[in-house]
Amino acid sequence: MTINRARELLLVQVHLAGGYNRNGAKMILIDVQREHGQAGIDQLIRELDLESVFGFKPGEPVSY
C-alpha cells in the first residue's frame, strides 16, 4: 500500500473516530509498516495527528 493510499484510508477513520475505527486505523498502519517500516507509520501519525485521535505514538511499533 502506498503512503498516499494509506493517508486516504486513515482520513476516513479519523473523521469517524470510533472504537472500531481505531482498529481499522491500526490495520492500515500495520500494512504500512510492512512496506515502509516505522518511518512510514511515524510520518502518518504526525501528519494526521493520530496520537490525539487514537493514541498512536510515533516511535512505538503498531501490532495487533
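## A residue to start with

Ala17 is partly exposed, because its relative accessible area is 43% (buried means under 20%, exposed over 50% and partly exposed in between, with a 1.4 Å probe and protein chains only). You'll find Ala17 in the loop between helix H1 (3–16) and H2. Its phi is near 45 degrees, a positive value in a residue other than glycine. Most residues other than glycine have a negative phi.

Before going on, a word on what you're looking at: this is a predicted model, where local features need pLDDT of at least 70, side-chain atom pairs count only at pLDDT 80 or more, and totals for chains, interfaces and linings use all residues. Residues are numbered from 1 along each chain as its sequence is written, and side-chain values use heavy atoms, with hydrogens and water left out.

## The overall fold

So what is the chain built from? The protein chain has three helices and zero strands, giving the pattern α-α-α along the sequence. Helices here are DSSP runs of H or I with at least four residues, strands are runs of E with at least two, and both are numbered from the N terminus.

The radius of gyration is 10 Å, which agrees with the value near 11 Å that a compact globule of 64 residues would have. That radius is taken over C-alpha atoms, and the globule rule is 2.2 Å times the number of residues to the power 0.38. Along its principal axes, the C-alpha trace spans about 25 × 20 × 20 Å.

Of the 64 residues, 38% count as buried. Take contacts (heavy atoms within 4.5 Å) between residues at least 6 apart in sequence: 58% of them join residues at least 24 apart.

Asn21 sits in helix H2 (residues 19–48) and counts as buried, because its relative accessibility is 15%. Leaving aside neighbours within four places in sequence, Asn21 is in contact with Gln13, Leu16 and Phe54.

Asp49 is in the loop between H2 and helix H3 (50–54). Asp49 isn't a glycine, yet it has a positive phi of about 55 degrees. At 41% relative accessibility, Asp49 counts as partly exposed.
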